[in-house]
Amino acid sequence: LRTDLLASVDAAGSLDALDAVRVHALGKQGAVTGLLKTLGGMSPEERQATGPRIHSLREAVTDAIATRKAVMERDALDARLAGETLDMTLPVDLPTTGGVHPVSQVMDELAEIFADLGFAVATGPEIEDDWHNFSALNIPETHPARAMHDTFYLAGEHERPMVLRTHTSPVQIRAMKAAGGTKPVRIIAPGRTYRSDSDATHTPMFHQVEGLVIDKGITMGHLKWTLETFLKAFFERDDIVLRLRPSYFPFTEPSAEVDVGFSIQNGKRVIGGAEGWMEVLGSGMVHRKVIAAGGYDPDEWQGFAFGCGIDRLAMLKYGMDDLRAFFDGDLRWLKHYGFSA
Ligand code: PHE
């Protein structure tokens, strides 16, 4: 019996088969268990002679099964590990990860550049009342600039007519009011603006950044230096040349449109040099009436302001040519310009 049982332990080809052998030998109805039961009916002499042999048989079979089991489990693990080798040279399909949109990226850059110059970031509502958007900025109701702005008006009854702000300039008024008429103001205000206009270079929603400095003894020299320093930092070039052209905005006097020089490289316009001029922003000395509307005494306080299209800045910096692509959310476009992985 011992030889038979040990042979069937060796012959078991699987853990299940081995367990069947265990039940056959050591289970309740098992062969070895049966032998053990016969001990009860034996005389003491018989039991003393036969007992140790049966017990040793049980021990031998138990040990053999445990050993066989350990071997089979190790073999199974070896086989699994062998099958699981990784081929590090296989190409992987990386998931698409998000990125910072070029417009947000430029807003972050602007905040950083102007923070170095001592400017804080200010905000205002996109749904603005017409006093902040127009009247306080010296654009009275009859002013043609109201029509020029292609304004979106909100339907319904309001104390003051409400508009989607057509520029970030209303934040000038809000920032001055917040400063209380006694402290200098130095802010930029980046954000969304709206005009009813749509073609390759205009979208109904677009982005501007406003700049405002209110202090004593401010001149156009401060304006020009600030813009030059900002544009050099933004385009990361020292050969930035500015040209201030006399212009008109109701809220600045005098007003200047600012052109930045570009050069042609491989048939493309690149900011820097002065082979040609590109208009990039509007600016001027804050109008007395605007300073007064902001709660400051215009005989004591002066300031400069500028307003600049952020989408335009991003297009120039990253060499993009269709404004509308900014708002399509097309991953291929974002990936192409390195704004998504
Ligand atoms: N708000 C003007 C615009 O949208 C830009 C501007 C801002 C001009 C500040 C002068 C001063 O065109």
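A polar contact is a pair of N or O atoms within 3.5 Å; within protein, one must be able to donate a hydrogen and the other to accept it, and residues adjacent in sequence count only if both atoms are side-chain atoms.

The views below show a predicted model, in which local features need pLDDT of at least 70 and side-chain atom pairs count only at pLDDT 80 or more, while totals for chains, interfaces and linings use all residues. Residues are numbered from 1 along each chain as its sequence is written, and side-chain values use heavy atoms, with hydrogens and water left out.

View 1. Start with Q208, which has a polar side-chain atom 3.0 Å from an oxygen atom of the ligand. R195 also reaches a ligand oxygen, with a side-chain N or O atom 3.0 Å away. The protein buries 90% of the 320 Å² that the ligand exposes when taken alone (Shrake-Rupley method, 1.4 Å probe).

**View 2. The shell around the ligand.** Here you can find the 14 residues that surround the ligand, with H167, S169, R195, Q208 and G307 the closest (a heavy atom within 4 Å of the ligand). The shell holds four nonpolar, eight polar and two charged residues. In this count, Ala, Val, Leu, Ile, Met, Phe, Trp, Tyr, Cys and Pro are nonpolar, Asp, Glu, Lys and Arg are charged, and the others, Gly among them, are polar. β10 gives the most, with three residues. Strands (E, at least two residues) and helices (H or I, at least four) are DSSP runs, numbered from the N terminus.

**View 3. Helices α5 and α9.** The axes of α5 (residues 102-116) and α9 (residues 220-235) come within 10 Å and cross at roughly 130 degrees. Axes are lines fitted to C-alpha atoms, for helices over the stretch in contact, and angles run from 0 to 180 degrees between N-to-C directions.

**View 4. Helices α1 and α2.** With axes 8 Å apart, α1 (residues 2-11) and α2 (residues 15-26) pack at an angle of about 160 degrees. The two helices α1 and α2 are therefore roughly antiparallel to each other.

**View 5. Two backbone details.** Most residues other than glycine have a negative phi, and most peptide bonds are trans. N138 is not a glycine, yet has a positive phi of about 65 degrees. Look for N138 in the loop between α6 (130-133) and α7 (144-148). From E253 to P254 the peptide bond is cis, with omega near 0 degrees, and P254 is found in strand β7 (residues 252-265).

Note on methods:
Parallel < 35°, antiparallel > 145°, perpendicular 65-115°, else oblique.
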